[in-house]
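Me: I would like to learn how to read a protein model feature by feature, with the general idea given before the particular case. Could you take me through the one shown here?

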Amino acid sequence: MACDDTKPDNETAQPLFLHQGADFVQTFTYTASDEVTPIDITGYTFSMVLAEKKAGGTIAKTWTTADGDFSIVTAASGIYKISIPASETTSMTPGTYWFDHNATVSSQIIPMAQGIIIVDEAA
């Protein structure tokens, strides 16, 4: 599959920053296409894959609800978060990575976000 320069609707406008050796917590709100109306995420599970490049890159990390990396904060308001402890970020190699974040509900995979994560080297 060829990539083009078209920015997908779910691509983040700004990169996420993950500091090596620090806790990483990012909260998300899932909304309807109007970007205001929250979508109830009861029963949803989440995953995020970190790769060396956008298409076909080596997978550096995978985070999932099953592993305890994602949690629902307020299901009716569509609020959930990813929490990665410093003990895990310490071993990450600094650099620029591509992330692909999805939700699953009733066997349906929903693309939630994608974009760049920059892993900063610990001081």
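Predicted model: local features only at pLDDT ≥ 70, side-chain atom pairs only at ≥ 80, totals over all residues.

Me: Which pattern does the protein follow along the sequence?

Reply: Helices (H or I, at least four residues) and strands (E, at least two) are DSSP runs, numbered from the N terminus. Here the protein has one helix and eight strands, and their pattern, read along the sequence, is β-β-β-β-β-β-α-β-β. Contact means heavy atoms within 4.5 Å, and of the contacts in the protein with a separation of 6 or more, 62% are between residues 24 or more positions apart.

Me: How much of the protein is made up of buried residues?

Reply: A residue is buried under 20% relative accessible area, exposed over 50% and partly exposed in between, with a 1.4 Å probe and protein chains only. Of the 123 residues in the protein, 31% are buried.

Me: In what order do the three strands of the open sheet lie?

Reply: Two strands pair if DSSP finds at least two bridges between them. The order in this open sheet is β2-β6-β5, with antiparallel pairing. Its edge strands, β2 (24-29) and β5 (70-74), each pair on one side only, and neighbouring strands of the sheet are turned by 25° against each other on average, direction ignored; for such angles, axes are lines fitted to C-alpha atoms, for helices over the stretch in contact, and the angles run from 0 to 180 degrees between N-to-C directions. Between β2 and β6 (residues 79-84) the antiparallel pairing extends over six bridges, and F28 stands opposite Y80 in β6.

Me: How are the rings of F46 and Y80 placed?

Reply: A pair of aromatic rings is described by the distance of the centres and the angle of the planes. Rings of Phe, Tyr and Trp (its six-membered ring) pair if their centres lie within 6.5 Å, and planes under 30 degrees apart count as stacked, over 60 as edge-to-face and the rest as tilted. By this rule there are six aromatic pairs. The pair of F46 and Y80 is stacked, because the ring centres are 3.9 Å apart and the planes lie at 5°. Since F46 belongs to strand β3 (residues 45-51) and Y80 to strand β6, the pair ties together parts that are 34 residues apart in sequence. Both F46 and Y80 are buried, and one aromatic cluster is formed by F28, Y30, Y44, F46, F70 and Y80.

Me: Why does T64 count as buried, and which residues does T64 touch?

Reply: T64, in strand β4 (residues 59-64), counts as buried because its relative accessibility is 18%. Not counting residues up to four places away in sequence, T64 touches F46, S47, D69 and F70.

Me: Are S106 and S107 buried or exposed?

Reply: S106 is exposed, with a relative accessible area of 72%, and S107 is exposed at 76%. Phi is positive in each, a residue other than glycine: near 50° for S106 and near 70° for S107.

How values were computed. Residues numbered from 1 in each chain as written. Heavy atoms only, no water.
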